[in-house]
Amino acid sequence: MHNTQEGFCQSFSKNAGLVSTCRSLSCCFWCRTCVLQAMSGSEQDWLSLRPREPSPSQCCGGGCKPCIYDVYEKELAQWERAKAKQDKSLLTEKREQVDLPPSHPGACALMSSNSVLNPDTFTAFSVSSVEQLTEDTYQYKFELPGNSSLQLSLGQHIVLRGVVNGLEVQRAYTPISPGNAEGYFEVLIKYGELLMLASGTGLAPMLPILQSITDNEEDETFVTLVGCFPTFDKIYLKPLLQDLARYWNIRIFYILSQETSLEKLPWSYQENTYTGRLNEDLMKTIINSCRRRPFVLICGSSAFNEDMTRYLKAAGIEENSCFVF
């Protein structure tokens with residue numbers, strides 16, 4: 001995606017049934033075999049080999065068959081069989097059928113004979129240029145080896161995979177470059193950005209907006225939610241907020257006005273929680289962490305709304321870029 005120097009692509013067609021396995025071969029089969037042989041049969045070793053369940057951000061929402069969750073269930077079943085028999089070789093059965101290509105900078109996937117894409121795995125390509133077309137729209141150009149082309153048929157699109165905010169993200173795009181373009185392909189990626197400032201029950205009107213964004217796989221709006229509460233115990237809807245924070249384009253910060261230390265908080269909250277009040281300096285820090293000037297939604301008491309409007313103006317956000325509930 002936008003903050004990585006590699007794009008991971010794969011052909012996909014709903015009509016033809018070409019699908020993504022949503023995997024990248026980051027090491028060869030023989031390296032994995034050596035690692036497995038060196039490991040003991042302890043419970044901890046087996047747990048370290050257990051497949052990780054995908055996060056919502058890793059599903060492109062394109063109706064892939066199999067979906068990344070189907071792949072996870074299949075690998076989990078394979079792991080469970082291997083663990084039951086205490087035989088780690090069963091974990092590599094599928095990989096033994098893979099013929100890896102010669103090493104090539106940045107590449108970690110198989111290449112088919114008639115296309116640089118393979119419907120069974122991802123291929124790494126370098127981003128050669130990024131052009132900003134509008135305030136929130138960018139044109140990405142990816143390099144293809146030699147004079148090769150994507151060779152996509154009508155109705156096909158590609159799945160791009162990258163890492164954003166530490167989360168693996170997958171999205172489906174239709175290239176805007178000509179179908180016979182050689183040596184490159186281009187896609188348009190649109191980003192919007194929202195900053196939500198909520199105090200106490202002011203969180204309520206923010207949630208439907210957040211959920212409408214996460215429920216729409218084509219919506220790539222970045223959202224930063226800042227929730228202000230007296231104490232950790234008084235944070236509303238913690239499980240829902242934690243679930244929303246798993247999405248690649250959602251960040252959630254907590255400001256706890258009556259807490260004096262983060263040490264007693266669960267470790268998963270400590271990194272994105274501040275003690276004290278949301279003041280002008282902290283507001284500037286949050287604004288500067290955004291990718292671009294955000295549109296701001298504010299909801300809280302009258303005093304909170306007035307303070308936030310004043311802090312935002314000091315940070316360079318004008319009134320026409322804010323909405324107060």
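Which residue in strand 11 is the bridge partner of leucine 256? Threonine 275. Hold that pair in view.

Before going on, this is a predicted model, where local features need pLDDT of at least 70 and side-chain atom pairs count only at pLDDT 80 or more, while totals for chains, interfaces and linings use all residues. Residues count from 1 along each chain as its sequence is written, and side-chain values use heavy atoms, with hydrogens and water left out.

Now the sheet. Strands 10 and 11 run parallel, joined by three bridges. Strands here are DSSP runs (E, at least two residues), helices too (H or I, at least four), numbered from the N terminus. Pairing takes at least two DSSP bridges between two strands. The sheet is open, has six strands, pairs in parallel, and reads 11-10-9-8-12-13. Strand 11 (273–275) and strand 13 (322–324) are the edges; each has a single partner strand, so one side of each lacks a neighbour in the sheet. Strand to strand, the twist averages 15°.

Next, helix 4. It lies across strands 8, 9, 10 and 12, at about 150° to strand 8. Angles run from 0 to 180 degrees between N-to-C directions, with axes fitted to C-alpha atoms, for helices over the stretch in contact. Contact means heavy atoms within 4.5 Å.

Finally, the core. The largest nonpolar core has 24 residues; Met196, Leu210, Leu225, Leu241 and Tyr254 touch the most other members. Core members are buried Ala, Val, Leu, Ile, Met, Phe, Trp, Tyr and Cys residues joined through side-chain atoms within 4.5 Å. Buried is under 20% relative accessible area (1.4 Å probe, protein chains only). Contributors of two or more residues include helix 4 (206–215) and strand 10 (250–256).

How values were computed
Buried < 20%, exposed > 50% of the residue type's maximum accessible area, 1.4 Å probe, protein only.
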